[in-house]
Amino acid sequence: MLKKKALLIDLTLCVGCNACQAACKEANNLPAEKKKTLSPTSYTALQEFDGVYVRRMCQHCEDPTCASVCR
């Protein structure tokens, strides 16, 4: 049976620093520009809705760097 992992993210702790996006781009050798949507050159994106930051992730990594940089 195939086991799948999930990421649990407390949105109330996110301050919108984009460290997750920068770490993902560095780990995957992607261009450094910040984007607000997922794309072929941005596997992690950070959007703000009414003062709450929401992280969008591709979820393709076995050990995601985007999750490890967030505290």
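Residues are numbered from 1 along each chain as its sequence is written. This is a predicted model in which local features need pLDDT of at least 70 and side-chain atom pairs count only at pLDDT 80 or more, while totals for chains, interfaces and linings use all residues, and side-chain values use heavy atoms, with hydrogens and water left out.

Me: Why is Cys66 called buried?
Reply: Buried means under 20% relative accessible area, exposed over 50% and partly exposed in between, with a 1.4 Å probe and protein chains only. Cys66 has a relative accessible area of 7%, so Cys66 is buried.

Me: What touches Cys66, and where does Cys66 sit?
Reply: Cys66 has its place in helix H2, residues 65–68, where a helix is a DSSP run of H or I with at least four residues and a strand a run of E with at least two, numbered from the N terminus. Leaving aside residues up to four places away in sequence, Cys66 touches Cys20, Cys24, Thr44, Arg55 and Met57, contact being heavy atoms within 4.5 Å. Thr44 is 22 residues from Cys66 in sequence, yet their C-alpha atoms are 7.6 Å apart.

Me: Which residues of helix H1 are buried, and what covers them?
Reply: In H1 (residues 19–27), Cys20, Gln21, Ala23, Cys24 and Lys25 are buried, and their cover includes E1, E2 and H2.

Me: What makes E1 and E2 a pair of strands?
Reply: Two strands pair if DSSP finds at least two bridges between them. Strand E1 (residues 44–49) and strand E2 (residues 52–57) have six bridges in the antiparallel sense, and Arg56 in E2 is the bridge partner of Ala45. E1 and E2 form a hairpin with two residues between them, and Asp50 in the turn has a positive phi of about 50 degrees.

Me: How many disulfides does the structure hold, and how do you know that Cys58 is in none?
Reply: The structure holds zero disulfides. Cys58 is in no disulfide, the nearest cysteine sulfur, that of Cys61, being 5.2 Å away, whereas a disulfide is a pair of cysteine sulfur atoms within 2.5 Å.

Me: Why are Cys58 and Cys61 called partly exposed?
Reply: Cys58 has a relative accessible area of 34%, so Cys58 is partly exposed. Cys61 is likewise called partly exposed because its relative accessible area is 32%.
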